[in-house]
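Take a look at the protein and its ligand below.

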Amino acid sequence: MSERRIALVLGTRPEIVKLAGVARLLGERSYLVHSGQHYDDLMSQAFFDSYRLPEPAYRLAVGGRDRAAQFAGIVGDLGQHLRAEHPVAVVVQGDTNTAAAGALAATCVGIPVVHVEAGLRSYDRTMPEEINRQLVGVLATLHCAPTETSACNLLSEGVPTDRIVITGNTVVEAVEEMLPEPARRAQLLADRELLSEEYVLVTIHRPENVDDPERLRSILTALAEIDLPVLMPIHPRTRDRIAEFGLGDLLAPLRVIDPLDHPSFLGLARHARLLVSDSGGLQEECTVLKRPLLVVRNSTERPESVEAGFARRAVPGPGLAEQMVRAAERGWLEAVAHLPSPYGDGSASERIVRAIDDLSLYEGSPDRLVGGQLCAR
Ligand code: UD1
């Protein structure tokens with residue numbers, strides 16, 4: 001690479017979705033590095049295709065390894081690449097192993113880190129994602145916080161105000177761009193013999209839910225109680241755990257399908273009566289799609305979705321089936337139909353690129369302050 005450019009490091013589905021707009025706006029000034037954390041075509045290449053992203057200039061292959069090995073692989077191999085190419089900045093997104101190890105590699109080589117989707121906190125240290133986000137929070141030079149809440153989290157941890165920019169979340173423009181037109185959405189439903197607002201769409205993949213056989217059983221059993229078709233695009237991790245724990249029979253009442261590309265997933269989500277998920281991204285997407293979401297998790301780092309009325313949290317156990325059945329009643333769907341999204345106006349990618357452009361003017365540049373009055377606490 002002849003000139004010094006900006007490296008965008010990504011490796012999983014959500015990172016591809018949420019960095020696509022930034023990559024497009026940066027154009028030739030940036031290049032992509034793929035960690036290989038997600039390696040199945042349906043989990044990675046399909047997303048590159050949908051967003052028409054260029055081939056990564058550099059690829060690692062850490063997929064399928066345990067967490068420590070993913071970190072070691074990314075820090076070692078990416079570190080070597082960064083030392084050779086020395087990009088002006090490394091951009092990472094969110095809270096994956098790829099993001100945290102990517103930020104660590106850049107820091108070790110002395111390259112500034114830009115964190116997209118900075119400052120989310122559940123303070124639930126049992127989740128690898130929480131540790132990853134906090135780690136990137138320590139390492140980043142520029143924190144692109146999606147909301148005031150996330151900016152305040154960073155301020156309360158001692159991040160200086162002039163290193164934080166509130167941008168909104170790039171997922172808003174990703175959904176706006178990728179949601180298929182009504183005719184294509186009608187076809188997506190017809191292909192699966194589904195009626196609009198007469199089915200539930202489910203995604204479950206978090207270790208807290210799928211690595212524990214009792215929790216996994218509780219979730220699958222509760223889903224079967226819903227008196228509507230339940231469509232479940234299945235993550236490879238969930239598929240493997242169900243087989244390992246011998247829970248395959250519990251899938252019989254559900255409609256299990258392969259992971260979907262992003263436009264198809266959004267099209268189906270847009271017409272669901274209810275979404276049920278432990279995903280982070282869907283907690284944001286539901287606010288753009290105007291669909292209610294039951295978040296099956298012990299904690300959430302996205303309280304904005306709950307406070308705005310789009311999401312409710314549910315913990316696996318005896319009461320889960322009843323909560324799901326209640327959530328699938330029409331009233332909640334109608335209540336969220338016209339609520340505004342708390343994640344911004346669809347210009348987050350532009351704001352992030354502007355902030356990156358300012359990076360060289362960064363030290364002592366007071367016009368980029370978040371605003372001292374923002375956090376009263
Ligand atoms: C990762 C992120 C999570 C994000 C999710 C999106 C971390 C800690 N977690 O979780 O925050 O919500 O991506 O999907 O980074 N696998 C395949 N094929 C693939 C990808 C994964 O078979 O293409 C298998 C892996 O071999 C592994 C399991 O699925 O056994 C988990 O994959 P991994 O990438 O470690 O984490 P995710 O659960 O996908």
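In this predicted model, 20 residues surround the ligand, each with a heavy atom within 4 Å of it. The closest are Gln37, His38, Tyr39, Asp40 and Glu129. Three helices, α1 (13-26), α5 (128-139) and α11 (236-244), each supply at least two residues of this shell. Helices here are DSSP runs (H or I, at least four residues), numbered from the N terminus.

Now look at polar contacts, pairs of N or O atoms within 3.5 Å. A polar backbone atom of Asp40 is 2.8 Å from a ligand oxygen. His205 uses a polar side-chain atom, 3.0 Å from an oxygen of the ligand. In Arg206, a side-chain N or O atom is 3.4 Å from a ligand oxygen. The protein buries 89% of the 740 Å² that the ligand exposes alone (Shrake-Rupley method, 1.4 Å probe).

How far can you trust the model? Mean pLDDT, the predictor's confidence from 0 to 100, is 94. It stays under 50 over residues 361-377.

Residues are numbered from 1 along each chain, and side-chain values use heavy atoms, without hydrogens or water. Local features need pLDDT of at least 70, side-chain atom pairs count only at 80 or more, and totals for chains, interfaces and linings use all residues.

Notes. Contact means heavy atoms within 4.5 Å. A polar contact is a pair of N or O atoms within 3.5 Å; within protein, one must be able to donate a hydrogen and the other to accept it, and residues adjacent in sequence count only if both atoms are side-chain atoms.
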